[in-house]
Number of protein chains: 2
Amino acid sequence: MGDKMDGMNYRLPKRRDGQKTFDHIIKTAKTLFSEKGYQATSVNEIISESGIATGTFYLYFDDKFALYSYLLASYRRGIRKAISQGIKDAKTRYEKERLGLRSFLKFAWEDPLAYRIIWESMFADKELFQEYYKTFSRDYVRQLGYAVKTNEVRSDIDLETLSYVLMGVSNFVGLQILFKETLTDEELDYITDQAMDVLTHGMFVK
Amino acid sequence: MGDKMDGMNYRLPKRRDGQKTFDHIIKTAKTLFSEKGYQATSVNEIISESGIATGTFYLYFDDKFALYSYLLASYRRGIRKAISQGIKDAKTRYEKERLGLRSFLKFAWEDPLAYRIIWESMFADKELFQEYYKTFSRDYVRQLGYAVKTNEVRSDIDLETLSYVLMGVSNFVGLQILFKETLTDEELDYITDQAMDVLTHGMFVK
């Protein structure tokens, strides 16, 4: 695979009771990372807070970074799944972008820790962070390339730059939403449509 | 002031020799934060790596968080200064956005640690992080409001959402640039213009 995030530094459980323990360790680690950050959390704390034997941790993870890699990969899958679920009925690239953005914002609203985990990964491991966004960008460029062929997206824009523009829009409109105390579905729709309006017509008076 | 970032938990030196020591402590702390992250760096390490007496540190800073607040505030000033320098000859809002974006990207390229410091602040202190972006957003909304009045920016867009869209574009196109091994001024111009093109004409074929 050559993909550091999906490397073999963790092992998934094979049996149902193992799965329960594994999920419990992950949940404990997420809470600790969320409260104290990745750097300040030790493997010993994860073990003692989980109430497991030391050997049990190492059954699944080589070290703290391995657990972190698993978490980041699972958020990546989670975000992709939320987006692909969200856009499954979309017929046009516009609809895909709009529903994709809305799903991403909803995911962020419902799981704010995902944000923190991914953003902190810049500190946990610079390479892991780069790989996360570079992979996202590459996939985005491919999708946008199809939409250029079907004459939906302009052919005269650099697609790498466009992919970072679009990731920036979702991530920062995501922040705008995270900073709110409450959020109704109507507000989520409104903000999504406003962002899409800028991506469609631009921000300037013509 | 009621502004946590500009609170009184640090004291600026009054004399030139104090300034030298102060700058040296800041430089050492930046290196440590950059290598190990904020959470994993201790005050004792900052003191011992700086080669200063313990009392000297506390002359300027209440604690590690105080030093961090100073750093974040100084990056905020640095970014604002780079942008306002960059846009000083701009006549239109379009020019302000383009030159502002270019200055921000150049600042990020030249001082990648600024990125990490601000992004990690989400972990160092959630409130500080929120305040940083909320303040930026509020100022942006005010500037955009003027441009709506002069009929340069569309009056039918929610300016709060637009401000997060624009911050997202600069921050993520900033990442695109950070991930590059080399960057010429021509490449910087090209990427800036591509992003501005999307913000002007949108991404879709009409």
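Two residues are in contact here if their C-beta atoms, placed from the backbone, lie within 7 Å. By that rule, 45 residues of chain B are in contact with 45 residues of chain A. The model is a predicted one.

**Between the chains**

- Four helices of chain B, namely H6 (112–124), H7 (126–149), H8 (159–178) and H9 (185–201), each supply at least two residues of the side that touches chain A.
- H8(B) provides the largest share of that side of chain B, 13 residues.
- By residue type, the side of chain B that touches chain A divides into 24 nonpolar, 12 polar and 9 charged residues.

**Symmetry**

- Chain B is superposed on chain A by a rotation of 180 degrees with 0.0 Å of shift along the axis, and the RMSD is 0.0 Å.
- That is the relation of a two-fold axis.
- The same surface serves both copies, as 100% of the contact residues of chain B recur in chain A.
- Gly168(B) comes closest to the rotation axis of the residues of chain B, with its C-alpha at 2.0 Å.

**Domains of chain A**

- Chain A is divided into domain 1, residues 4–66, and domain 2, residues 74–201.
- Between the C-alpha centres of domain 1 and domain 2 of chain A there are 28 Å.
- The contact between these domains takes 9 residues from domain 1 of chain A and 10 residues from domain 2 of chain A.
- On the side of domain 1 of chain A that touches domain 2, helix H1 (residues 16–36) of chain A gives the most, with 3 residues.
- That side of domain 1 of chain A divides into 4 nonpolar, 3 polar and 2 charged residues.

Methods:
Residues are numbered from 1 along each chain as its sequence is written. Chains are lettered from A and ligands numbered from 1 in the order in which they are written. This is a predicted model: local features need pLDDT of at least 70, side-chain atom pairs count only at pLDDT 80 or more; totals for chains, interfaces and linings use all residues. Ala, Val, Leu, Ile, Met, Phe, Trp, Tyr, Cys and Pro count as nonpolar, Asp, Glu, Lys and Arg as charged, and the others, Gly among them, as polar. Domain bounds come from an automatic or database domain assignment. Copies are superposed by least squares on the C-alpha atoms of residues with pLDDT of at least 70 in both.
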